[in-house]
Amino acid sequence: MRTSALLLFFLIALQSIAQPAQEENNLAPKVFVDCESCDIENLRQDFYFLHYVRDRLLCDVHVLVTTRPTGAGGTEFTLSFFGRNKFEGMNDTLVSSIPPNSTPDEIRDHLNNNIQLGLIRYIMKTPLCEHISITYDQEAPANDTIKDKWNFWVFKAAAGGWFNGESLVSSLSLNGSLTANRITNESKTRMEGSTYYNKNTFHIDDTTEIVSLFRNYYANINQVWSISKHWSAGTEINYYSSIYENIKSSYYAGASLEYDIFPYNESSTRMLYFSYTLAPLYRKYNSTTILFRDEQYLMRQSLSFTSKFISKWGQFNSTVSWNNFLHDFSLNSLALYVYAQFRLFKGFSLELSGYYARIRNRINLPLESASQEEILLGQVQLPTSLSYWGSVGISYTFGSIYNNIVNPRLE
């Protein structure tokens, strides 16, 4: 009897000790992390005392992570924190960047650390704050001025190849590129050169061999100046050569003007801009074109309207572009691209994308019709008045709203 009484007293005492911890756990913020680059499982392991939910409509804090490239070739991350329920109106933003060539491990740690820093504000409004401590692991910085010996220039060289074969079929593909970029708040300079070579050989029989050859060269220099928070101007010089497009050599020089309704510093979450380009163009063709030209001097103009919005409900991107040759306005093209992803209600997402183009300016097509072999192998550009594609996808998740348990066994 005495043993039973002691056991009952021990269980009651243990429950009284565990009760406060359980109550604190129930009051922990429910977090929805909206991020394609994040290692959510690692974040759950580090900040295990939070509740990670599967849908933004179930959370107390919605963390939205958006990105944009930096001048050095790295990535700038914008972390937007939106409070809901008991944290309604408590919104915050953290901006940070990571250098190029960062490893996936470095990117993961960087993002997780910044997400944790942003969540501290919300945790401090709960009983969990009594168990939070903050440390700083760096010595006091020296009063030195950082000097960039490269003057913001970033260079990158790349080359690659691929080959395979069987008894009757062989393929060889080679590519290479070189880029040099200098990006500051006042201006942007981009220089790029690339080449691509692909050869496919088909041995039909002992006497018949079909070769499919693709080769192009590309070089581009682009200079952009920041005029104000909404205006930009730029120039571009371009060289291009393509067997597929019947272009032996093409030289292009253009001037552009762009206006963004929103300030450029908000480009990670929203953009709405118009751009206009006017450019002289010289082309020399591999074979005589449908307009009986072996070479041609042209003047081309283009106008485009682009939008981008990333928010709690999802994202939307679209571009409408128009271009034509000034000597004949009937030689023109109009293209529309749309991408949208919506979180319509708890657990349900809808994704749509599509492209449509009306094409009336392929004056580079060869006069001689393509052979059946060239059509089947996709060796030459074909006459067409339109081009289109589209996609649609849905997803629905239901069940437990908590997903903060990590179990990697036998994956």
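The second largest pocket of this predicted model has a volume of about 680 Å³, and of the 29 residues that line it, Val33, Asp34, Cys35, Glu36 and Arg343 are the closest to its centre. The largest pocket has a volume of about 1200 Å³ and is lined by 32 residues.

**Second largest pocket**
- At least two lining residues each come from β1, α2 (40-46), β3, β13 (295-311), β14 (314-325) and β15 (328-345).
- By class, the lining of the second largest pocket comprises 10 nonpolar, 12 polar and seven charged residues.

**Largest pocket**
- Among the residues lining the largest pocket, Ile183, Lys188, Val224, Ser232 and Tyr264 lie nearest its centre.
- Two or more lining residues are given by each of β3, β8 (187-203), β9 (209-226), β10 (231-242), β11 (247-260) and β12 (270-285), and β10 gives the most, with five residues.
- The lining of the largest pocket divides into nine nonpolar, 16 polar and seven charged residues.

- Five strands, in the order β2-β1-β3-β4-β5, form an open sheet with mixed pairing.
- Strands β2 (51-52) and β5 (92-98) stand at the edges with a single partner strand each, so one side of each is left without a neighbour in the sheet.
- Strand β1 (residues 30-34) pairs with β2 in the parallel sense over two bridges, and histidine 51 in β2 is the bridge partner of lysine 30.
- Helix α3 (residues 104-123) lies across β1, β3 (61-69), β4 (75-83) and β5, and runs at about 30° to β4.

Conventions. Residues numbered from 1 in each chain as written. Predicted model: local features only at pLDDT ≥ 70, side-chain atom pairs only at ≥ 80, totals over all residues. Heavy atoms only, no water. Pairing = 2+ DSSP bridges. Helix = DSSP H or I, 4+ residues; strand = E, 2+ residues; numbered from the N terminus. Contact = heavy atoms within 4.5 Å. Axes fitted to C-alpha atoms, helices over the stretch in contact; angles between N-to-C directions. 1 Å grid on protein atoms, 1.4 Å probe; cavity = no way out; pocket = protein on both sides within 12 Å on 5 of 7 lines; lining within 4 Å. Points joined across faces, edges and corners; volume = space filled by probe spheres on them. Nonpolar A, V, L, I, M, F, W, Y, C, P; charged D, E, K, R; others polar.
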